[in-house]
Amino acid sequence: MKASRHILHIDMDAFFASVEQMDHPHLKGKPIVVGGRSKRSVVSAASYEARKYGIHSAMPMSTALRQCNTLIVMPHRMQRYSELSREIHRIFKDYTPLIEPLSVDEAFLDVTGSTGLFGDAETIGHTIKDRIKNETGLTASVGIAPNKFLAKLASDLDKPDGFVKITHENMQSILDPLAVNKIWGIGKQSFAHLKQFHIRTIKDLRVTPIEQLVKIVGNSAESLHRLAQGIDNRPVQTLSQRKSISSEHTFSDDESDQEHLKQLLLDQVQEVACRLRAYHFKAKTIQLKFRSGNFETFTRSATLETPTASTDILWDHAKTLFEIWRKSRPFALRLLGFGVSQFIDMTHGQQLTLFEDEQEKKLETLDSVVDDINRRFGKNKVKRSMI
C-alpha cells in the first residue's frame, strides 16, 4: 500500500463572531452576527447561539434580524481579525512549511514530514489546537485524514471545538451515510438533480456505475466518484515556493467582444486576489497575457507603488493595462490571463499601508465578506460587476 499522507484541516469556529465575543465578554452566550446594518447588508459571520435561530453566513441581515429579535449586530473589525489570523498562521509554521490557507480562518497542513520531530499527526493536531486556544483565546476544529477532502470533511463533523480523525479503516463507514452534498462541487442545484436519480448519500454515489453517473453529471462524474471513495490525490499547495499566481482562460473560438473580455478579466482578478488574501500575501506587480489565434503571445505589466491584495485596486490597474492593449493591438484573443508577482508576506507582521485610511478598511471588509460567501457557498457565488 502507498505510504499515507498526514493532512490536517484546521478551521476556526465562527471566527469573526468568536473574536467579538472574546473581546467583548458581555456578548458571550448571546446571539451575535458580524456585518452591516444597511438594507443590502449580509451576515458575514454568526455565533453558534445565532445559528440556533437558523441564521448563517450570506443571509440578508434583514432576514436575520426578523428571525431573532434579540440579535446583536457587530461591525467588521478586519484589522483585528487579520492580526489574530497572522498569529494562528505563525503557530502553523512552527510545525510544517507545507501550509495551504483557504481563508483567514482555515488552512490545510501537510505534517507527513513533521512526525519524526513532533509526534504523530494526532499529537501535532492536539498541540496546535491547544496552542491556538492558549495563545489567542479562540477555539478551532481539527480534521486529520490521508487527504485534503477527508481532512476538511472531518473538521466539520464535530463543530465547534471538534477533533476528528478519518483513517483508511474508518473512512467508508463515515462517508457512506453522509448527504452527497458534503462532497465538494455539489451545491443545491446539483444535489436536487442527483436526488431525481435516487442519489442522496455518498454511498448512493459510490455504488452508482460510472457509466450511469456520466449520463447524470457529465464530465465531473469521475472526480465525484473518486471523492465518494475517499480518493483525493491533490497535494497541499504552498505559495512560498511560487513566484506568481495567475488565472488564464483559453477560448474555443477566438474572442473579440471587448465587454466580454473585460468581464472575464474582472473575474480573473477576483479569483487571483482571493488566493492572495488566503495566503496573507500582497503583490506588487501585475501582468496581463494576451494570445492571438496564430499563437502569438503578448504581455503587459505594471509595478504598483504599494503592494496590495485588494480586488478593487488590482482591477483598476488591470483595466488600465487592458485599455492600453486594446488601443494598440485589439486583435481577437485565443487566451486571456491575469497574474501577480513580487509578493510581500503579511504574516511576518509587515503592515505597509494596511488599514491606513477608511477607504482601505472598506475595501478589506468587502473583500473578506465576498471571500467568505464564495468559500462557504461555492466558487463565484458572489461576483463583481464592471457597472
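**Entry 1: the chain as a whole**

A crossing is right-handed if the near helix is turned clockwise from the far one by less than a right angle, and left-handed if anticlockwise. I'll need that further down.

I'm looking at a predicted model, in which local features need pLDDT of at least 70, side-chain atom pairs count only at pLDDT 80 or more, and totals for chains, interfaces and linings use all residues. Residues are numbered from 1 along each chain as its sequence is written, and side-chain values use heavy atoms, with hydrogens and water left out.

I started with the overall tally: the protein chain has 15 helices and 12 strands (DSSP runs numbered from the N terminus; helices are H or I, at least four residues, and strands are E, at least two). Of its 387 residues, 49% are buried (under 20% relative accessible area with a 1.4 Å probe, protein chains only; exposed is over 50%, partly exposed in between). I also checked contacts (heavy atoms within 4.5 Å). Among those with a separation of 6 or more, 66% are between residues 24 or more positions apart.

**Entry 2: helix α13**

I went to α13, residues 258-278, and checked its length. With 21 residues at 1.5 Å each, α13 should span 30 Å, and its end C-alpha atoms are 30 Å apart, so the two agree (expected span is 1.5 Å times one less than the number of residues). I found 15 of the 21 residues buried, so the rest of the structure largely encloses α13.

Next, the two ends. At the start of α13, a side-chain oxygen of D257 comes within 3.0 Å of the backbone nitrogen of E259. After the helix comes H280, with a positive phi near 60°.

What does α13 meet in α14? On the α13 side I listed Q258, L261, K262, L265, L266, V269, Q270, A273, L276 and R277, and on the α14 side T311, L314, W315, A318, K319, F322, E323, W325 and R326. By type, the contact has 11 nonpolar, 3 polar and 5 charged residues (Ala, Val, Leu, Ile, Met, Phe, Trp, Tyr, Cys and Pro are nonpolar, Asp, Glu, Lys and Arg charged, the others, Gly among them, polar). Helix α14 covers residues 311-328, and its axis comes within 9 Å of that of α13, crossing at roughly 145° (axes are lines fitted to C-alpha atoms over the stretch in contact, with angles from 0 to 180 degrees between N-to-C directions). The crossing of α13 past α14 is right-handed.

**Entry 3: α4 on α6**

Helices α4 (residues 78-93) and α6 (residues 121-136) pack at about 145°, axes 10 Å apart. Here too the crossing is right-handed. L84, E87, I88, I91 and F92 come from α4, and I128, R131, I132, E135 and T136 from α6. I sorted these into 6 nonpolar, 1 polar and 3 charged.

N147 caps the N-terminal end, with a side-chain oxygen 3.3 Å from the backbone nitrogen of F149.

Then I followed the chain into the loop between α7 and β8 (163-165), where P160 sits. K159 and P160 are joined by a cis peptide bond, omega about -5°. D161 is in that loop as well, and its phi is positive, near 60°, though it isn't a glycine. At 45% relative accessibility, D161 is partly exposed.

I noted A14 too, a non-glycine with a positive phi of about 45°. It lies in the loop between β1 (7-12) and α1 (15-23) and is buried at 6% relative accessible area.

**Entry 4: two strand residues**

R334 is in strand β12, residues 333-345, and is partly exposed at 22% relative accessibility. Its side chain makes a polar contact with that of D254 at 2.8 Å (N or O atoms within 3.5 Å, one able to donate a hydrogen and the other to accept it within protein; residues adjacent in sequence count only if both atoms are side-chain atoms). Beyond four places in sequence, R334 also contacts residues including H249, F251, R291 and S292.

S247 is in strand β9, residues 244-255, and is buried at 8% relative accessibility. Leaving out residues up to four places away, S247 touches Q268, E271, V272, L336, G337 and F338.
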